[in-house]
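Reader: I'd like a close look at one part of this model: the side-chain contacts. Walk me through them one by one, and then show me how they sit in the rest of the fold.

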Amino acid sequence: MSSDIVLTYDISGEEFSLAGEASVDLKGRLKLMGIPAATIRRATIALYEAEINLVIHASGGQITVFINPQYIKMKVKDDGPGIEDIPLAMSEGYSTATDEVRTLGFGAGMGLPNMKKYTDEFDISSSIGVGTEINMSVYI
């Protein structure tokens with residue numbers, strides 16, 4: 001990955017007004033690079049879902065994006081509470097979001113399923129009390 005373009009985004013927790021800035025930035029950069037619109041759409045949907053999850057569930061974290069002519073790889077890491085049951089968390093509609101978060105229009109339980117749906121590679125690992133790491137790729 002040494003020839004990749006590397007972008008790093010620090011995501012603040014509980015800052016819903018800032019959620020989405022990384023995906024908007026990535027979208028603009030990918031457009032300038034001439035990446036196909038369908039690829040941009042898939043990558044930015046996955047990244048947006050990751051940003052929202054960092055804000056809702058983990059009090060923030062870091063996203064690193066690696067771009068080269070073959071792929072867009074996104075590494076999402078947090079020091080949050082971790083995910084107890086990954087298969088359950090991957091089910092559409094399952095959410096641990098608070099009622100307050102839901103009243104803001106978030107927490108529908110589609111974040112992780114959408115990340116997997118819109119990427120070509122998706123891997124998640126999590127440890128309770130340590131945090132979660134998600135690696136996902138979209139091929140160009």
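**Side-chain contacts, up close**

Author: Let's start in helix H1 (residues 21–32), which holds both Arg29 and Asp25, four residues apart, or about one turn of the helix. Keep in mind that this is a predicted model. The side chains of these two residues meet in a salt bridge, at 2.7 Å from N to O. With a cut-off of 4 Å between nitrogen and carboxyl oxygen, that 2.7 Å contact counts. As for solvent, Arg29 is partly exposed at a relative accessible area of 38%, and Asp25 is partly exposed too, at 27%.

How many salt bridges does a search of the whole structure find? It comes back with two. Neither end is fully tucked away: Arg42 is partly exposed with a relative accessible area of 21%, and Asp120 is partly exposed with 38%.

Now for the rings. The count of aromatic pairs comes to one. That pair is Phe16 with Phe106: the ring centres are 4.9 Å apart and the planes make an angle of 25°, so the two are stacked. Phe16 sits in the loop between strand E1 (5–12) and H1, and Phe106 in the loop between helix H4 (99–103) and H5, so the pair links parts that are 90 residues apart in sequence. Phe16 is partly exposed, with a relative accessible area of 22%. There's a charge over a ring as well: Lys73 lies over the face of Tyr71, at 4.5 Å from the ring centre.

Just after H2 comes Ser59, with a positive phi of about 55°, even though Ser59 is not a glycine. This serine is in the loop between H2 and strand E2 (60–67), and it is exposed, with a relative accessible area of 56%.

Strand E4 (residues 121–127) pairs with strand E5 (residues 131–139) in the antiparallel sense, over seven bridges. Ser126 stands opposite Thr132 in E5. The two strands make a hairpin with three residues between them, and Gly129 in the turn has a positive phi of about 80°.

Zooming out, the chain has five helices and five strands. Along the sequence they follow the pattern β-α-α-β-β-α-α-α-β-β. The C-alpha atoms fill a box of roughly 40 × 25 × 25 Å along the principal axes. For 140 residues, a compact globule would have a radius of gyration near 14 Å, and the chain's 14 Å agrees with that. Of those 140 residues, 44% count as buried.

Terms used
Residues numbered from 1 in each chain as written. Predicted model: local features only at pLDDT ≥ 70, side-chain atom pairs only at ≥ 80, totals over all residues. Heavy atoms only, no water. Pairing = 2+ DSSP bridges. Buried < 20%, exposed > 50% of the residue type's maximum accessible area, 1.4 Å probe, protein only. Phe/Tyr/Trp six-rings, centres within 6.5 Å; stacked < 30°, edge-to-face > 60°. Lys NZ or Arg CZ within 6 Å of the ring centre and 35° of its normal. Rg over C-alpha atoms; globule rule 2.2 N^0.38 Å.
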